[in-house]
Amino acid sequence: MNNNNTLENSFNASYEELNFVEKAWINYFNLFESEAIATAVIAFLMHEIVYFGRCIPFFIADYIPSFAKYKLQPAKVNTAKEQWTCLKSVLTSHFLIELPLIFGFHPVATFFGMEITTVPFPHWQTMCYQIALFFVMEDTFHYWFHRLLHYGPFYRYIHKQHHEYSAPFGLAAEYAHPLEVLILGTGTIGGPLLWVSITRNLHLITVFIWISLRLFQAIDAHSGYDFPWSLRHFLPFWAGAEHHDYHHMAFVNCFSTSFRWWDHLMGTDLKYKAYRQKREEQADELKAAATSGSTTASSSGSKKSN
Ligand SMILES: [Zn+2]
Ligand SMILES: [Zn+2]
């Protein structure tokens with residue numbers, strides 16, 4: 001079907017009233033005969049650009065000595081060969097598993113009433129509450145299915161691959177068995193599909209922003225870095241790398257993705273909390289030892305007045 005009538009069909013405003021992104025959006029879709037192919041192409045490109053683009057800063061960070069102190073497991077180094085193996089596996093999975101799924105997305109999305117080419121885009125407040133809801137839905141789905149994947153045969157035959165890296169790095173976020181990609185990917189795309197099937201109120205651009213933010217979250221969680229500017233220092237309920245890195249290191253606890261509340265509620269973070277407390281105590285002891293050492297050295301035997 002020729003899709004050149006997209007412009008007339010989807011306009012609620014005149015072309016001049018649209019912002020730059022909305023104009024680009026409509027012009028992009030008018031390039032294609034098929035809206036389904038246009039959707040798949042942009043979705044796949046967006047996924048590749050966001051995924052690998054977000055990994056690059058962490059890859060560079062490994063070569064900056066002053067960032068080494070922010071490493072969560074500094075003793076473990078992933079060799080270039082290990083990272084190359086991971087990259088090849090992730091790329092294979094993107095082309096053989098995710099690309100066919102992405103092509104299947106448009107028919108399902110439009111069946112449930114998702115807006116694809118409609119402009120102008122929804123109000124930013126609408127996008128915000130919907131994306132916040134998708135984060136909560138995905139986190140809940142992921143928590144329970146991730147716990148299931150740690151059960152005997154599910155772990156041995158499916159989830160073990162993702163746990164090959166006990167000190168993960170950004171690229172390893174999507175390093176997983178095809179079935180795991182399918183199961184946990186459902187948590188990412190299932191929320192928006194469920195929402196639009198009930199409300200008939202969702203635009204593809206909102207889904208794209210949600211998936212981009214979800215990729216940011218997943219790569220950050222696997223980065224192996226806990227920077228002072230990492231989100232968890234500003235949002236105490238945000239899991240971040242420190243939470244998921246422990247899961248990879250210890251193979252237990254911390255099953256959720258974005259938030260800490262499920263692990264807290266279900267008591268699946270007790271070992272993690274004990275480990276964290278121990279590390280904090282060790283850091284305090286080291287600090288105290290360093291302080292008393294410097295005090296002794298500076299006083300040089302003279303008695304302190306206080
Ligand atoms: Zn796991
Ligand atoms: Zn992981």
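Predicted model: local features only at pLDDT ≥ 70, side-chain atom pairs only at ≥ 80, totals over all residues.

Student: Is Trp195 buried or exposed?

Tutor: A residue counts as buried if 20 or more other C-beta atoms lie within 10 Å of its own. Trp195 has 20 other C-beta atoms within 10 Å, so the residue is buried.

Student: Which residues is Trp195 in contact with, leaving aside its neighbours within four places in sequence?

Tutor: Contact requires C-beta atoms within 7 Å. With the neighbours within four places in sequence set aside, the contacts of Trp195 are Gln130, Leu133 and Leu202.

Student: Is Tyr157 buried or exposed?

Tutor: Tyr157 is found in helix α6, residues 152-157. Because Tyr157 has 12 C-beta neighbours inside 10 Å, Tyr157 counts as exposed.

Student: How do the residues of the contact of α8 with α9 divide into nonpolar, polar and charged?

Tutor: The crossing of α8 past α9 is right-handed. Asp220, Ala221 and His222 of α8 make the contact with Gly240, Ala241 and His244 of α9. Gly counts among the polar residues. The division for this contact is two nonpolar, three polar and one charged.

Student: What percentage of residues 132-268 is helix?

Tutor: An unreviewed UniProt entry places the feature "domain: Fatty acid hydroxylase" at residues 132-268. The end C-alpha atoms of residues 132-268 are 24 Å apart. Over this stretch the chain is 0% strand, and its helix content is 60%.

Student: How many helices does the protein have?

Tutor: From the N terminus on, the elements run α-α-α-α-α-α-α-α-α-α-α. The protein has zero strands, and its helices come to eleven.

Student: What share of the contacts with a separation of 6 or more is made by residues 24 or more positions apart?

Tutor: The C-alpha trace of the protein spans about 90 × 50 × 40 Å along its principal axes, and buried residues make up 28% of the 306 residues. Among contacts with a separation of 6 or more, residues 24 or more positions apart account for 68%.

How values were computed: Residues numbered from 1 in each chain as written. Chains lettered and ligands numbered in written order. Contact = placed C-beta atoms within 7 Å. UniProt positions renumbered as here; feature names shortened; annotations may be inferred. Helix = DSSP H or I, 4+ residues; strand = E, 2+ residues; numbered from the N terminus. Left-handed = near helix turned anticlockwise from the far one by under 90°.
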